[in-house]
Amino acid sequence: IIHQQRAHQRILFEYFLQIENKVVSQRLAIPFKISFSKSDFNIISQIKQELNQMGFQWDILKEDSIEINATPSNCKEGRLKEIFDLILEQEKNENELILESSERIAKIMAKKMAVAKGKRLNNEEMQQLLNNLFSCKNPNICPFGKPVIMNLDTNYIIKQFKK
């Protein structure tokens, strides 16, 4: 049994870690403005290079706001504020400081851009997901440490119904 959302998170996570300036950015027709507190703006400014590597491009408007001009190609504009809020939250979390900024950002991007729970995939999408998953370095665990694949053998299933 494969958890499709966790599988997609693993695929995206490894993709974002590999790209380093190779990501295809999609220019926004209308730039997206985000305002921050001064401390949050400082954090975002410190990790701008990592975010650029992930495909985000922006201009600074004031001391506390940015105007996003481009995003990773599969990033939905409606989730930009949420993604940046999660990135800030992750950067502030002292438990995650052992990870590089690029890894923390890749985790958030993977979480927010992965296929939604319960979304029905067609056969072609399922096959593509499996192919991509099994080409990952670590297909068994999502970036958040949860299992992606669960093996159930026939004997176990039969045993469950005999109780």
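Is Leu-12 buried or exposed, and what is its relative accessible area? In this predicted model, Leu-12 is buried, because its relative accessible area of 5% falls under the 20% cut-off for burial. Leu-12 has its place in helix α1, which covers residues 4-19. Once residues up to four places away in sequence are set aside, Leu-12 touches Asn-74, Ala-110, Met-113 and Ala-114. Between Leu-12 and Leu-80, which lie 68 residues apart along the chain, the C-alpha atoms are separated by 17 Å.

**The chain as a whole**

Seven helices and three strands make up the elements of the chain, and from the N terminus on they follow the order α-β-α-α-β-β-α-α-α-α. Taken along the principal axes, the C-alpha atoms fill a box of roughly 65 × 35 × 25 Å. Of the 163 residues in the chain, 38% are buried, while the chain exposes about 10,400 Å², of which carbon and sulfur atoms supply 48%. Among the contacts between residues at least 6 apart in sequence, 72% join residues at least 24 apart.

**The sheet**

The three strands form an open sheet in the order β1-β3-β2, and their pairing is antiparallel. Because β1 and β2 stand at the edges, each with a single partner strand, one side of each is left without a neighbour in the sheet. From one strand to the next, the twist averages 15 degrees. The residue ranges of the strands are as follows.

| Strand | Residues |
|---|---|
| β1 | 25-35 |
| β2 | 57-62 |
| β3 | 65-72 |

Strands of a sheet pair through backbone hydrogen bonds, in either a parallel or an antiparallel manner. Here β2 and β3 run antiparallel and are joined by five bridges, and the bridge partner of Trp-58 in β3 is Ile-68.

How values were computed:
Residues numbered from 1 in each chain as written. Predicted model: local features only at pLDDT ≥ 70, side-chain atom pairs only at ≥ 80, totals over all residues. Heavy atoms only, no water. Pairing = 2+ DSSP bridges. Helix = DSSP H or I, 4+ residues; strand = E, 2+ residues; numbered from the N terminus. Axes fitted to C-alpha atoms, helices over the stretch in contact; angles between N-to-C directions. Buried < 20%, exposed > 50% of the residue type's maximum accessible area, 1.4 Å probe, protein only. Contact = heavy atoms within 4.5 Å. Areas by Shrake-Rupley, 256 points an atom, 1.4 Å probe, with all protein chains shown as cover.
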